Amino acid sequence: MKAAVLREQNKPLEIEEVEISKPAPREVLVRPIAAGVCHSDLHFVTGDYPSALPTILGHESAGIVEEVGSDVTYVKKGDHVITCLSAFCGHCDKCLTGHLSLCQSPEVSREAEESPRLYRGDETIHQFLNLSSFAELMLIHEHALVKIREDMPMDRAALIGCSTTTGVGAVFHTARVEPGSKVAVIGCGGVGLAAINGAAIAGAGMIIAVDMVDAKLEMAKSVGATHTINASSGNAVGEVMELTQGGCDYTFEAIGLKATTEQAWQMLAHGGAATVIGMIPVGTMVELHGVDFLFEKKIQGSNMGSNRFRVDMPRFVDFYLNGKLHLDQMISKHIKLSDVNEALDALKTGQEARHVIMFDQ
Amino acid sequence: MAKVEVRTDVTGNVWKITAKTGDPLNEEDVIMILESMKMEIPIEAPCSGRLVEILVSEEDSVDEDQVIAVIESS
């Protein structure tokens, strides 16, 4: 099969012929139809996050089941599925207390001494986040996918596989935004826009979108932002405090920077909660003014929207199909697998929404 | 020659140890791969030298900033 392989950081992905193993008893072979090119993929190209190499990136996809392992009963050949990196074991403390996205069990990947899922001759190709969706086939654990209804367009479904779940989930599950509350979202990429859309669905009273690109702020309005702030002025915190007359009940950082994380904290009202969704580079420290804790401000991380994806994703599909979740404008371009480097370059400029790879093209 | 400790950046589990004691290493050679939050994170040699000690085993849990190996720098 063809796949886009990352062999060296800060170098283009190479389209190569890669081999894929047969499904083990609890594995599923999926033929992806659509795969989003996400900013998180870029973090691993640039080395902001380290990754074992060579690897096939891609972690936001939807497709059709091609073959199942002997113990798989949840799906069958032909089922439409969304894949998810939050593969869960189902029996650890985190899973059993409802925190499936925090499952750390290694059993959803193959053990070191087993033959790899992806390879080229004698060379192991590391599977990225147990998925690797920039490839014509994916071999994944049965707990890394969810069945969806067949009237859901695959390109939109792919977005639910990461950005939508991360943003909407941060609002619903991590922060538990209350109806009528004041919300600010810093960063209006795919995840930030999903958080804004989620805040609108949750019934937030004021939703302030903060970004430095006017086109993204316009998009933020189309998915539910009630106010926008172009942070180029350098006083986003002051503008939020003035708009809200005292700060937000909830803020969301959806970029992954020290400065914007600290701003998310500074934008809070007394008793408010800041949720950091963005992937802050490894080794970065964040500084908070200690006295603020006396005002019961809270700060927390959110990984993949604290999801329970087998419950959440079919609900998000319904939200899309009944018009509450706005995914159409999140896709700026449909591309071929061979155009993946162009899509990664586009992410660096921050000017566009997502490119989605369509494998039937 | 100085002994240099190799430390982890993140908590995780040791998935695979790819080097063995006594191996000569170049800076940035992969010593082991951790699994953390579904990511495979390589632990690389911070300097060139010889790997004199590996302090963890496959499947061990490791903490942030834990010393997991020692290199004798060249």
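Across the interface of chain B and chain A, zero salt bridges are found, a salt bridge being a side-chain nitrogen of Lys or Arg within 4 Å of a carboxyl oxygen of Asp or Glu. The rule for polar contacts, in turn, finds seven residue pairs across this interface, both residues at pLDDT 80 or more. A polar contact is a pair of N or O atoms within 3.5 Å; within protein, one must be able to donate a hydrogen and the other to accept it, and residues adjacent in sequence count only if both atoms are side-chain atoms. The structure is a predicted model, in which local features need pLDDT of at least 70 and side-chain atom pairs count only at pLDDT 80 or more, whereas totals for chains, interfaces and linings use all residues. Side-chain values use heavy atoms, with hydrogens and water left out; residues are numbered from 1 along each chain as its sequence is written, and chains are lettered from A and ligands numbered from 1 in the order in which they are written.

On the side of chain B that touches chain A, β2 (12-17), β4 (30-36) and β5 (39-44) of chain B each supply at least two residues, strands being DSSP runs of E with at least two residues and helices runs of H or I with at least four, numbered from the N terminus. The largest share, four residues, comes from β5(B). By class, this side has six nonpolar, two polar and six charged residues; Ala, Val, Leu, Ile, Met, Phe, Trp, Tyr, Cys and Pro count as nonpolar, Asp, Glu, Lys and Arg as charged, and the others, Gly among them, as polar.

Chain B and chain A bury about 1600 Å² between them, with 54% of this area on carbon and sulfur atoms. Buried area is the accessible area (1.4 Å probe) that two parts lose on being put together, summed over both. M37(B), K38(B) and E40(B) supply 43% of the area that chain B buries against chain A, more than any other three residues.

Within chain A, the domain assignment gives domain 1 (2-147 + 327-358) and domain 2 (168-302), with bounds taken from an automatic or database domain assignment. The C-alpha centres of the two domains of chain A lie 29 Å apart. Domain 1 and domain 2 of chain A bury about 1100 Å² between them, 64% of it on carbon and sulfur atoms. Y49(A), Q329(A) and M330(A) supply 45% of the area that domain 1 of chain A buries against domain 2 of chain A, more than any other three residues.
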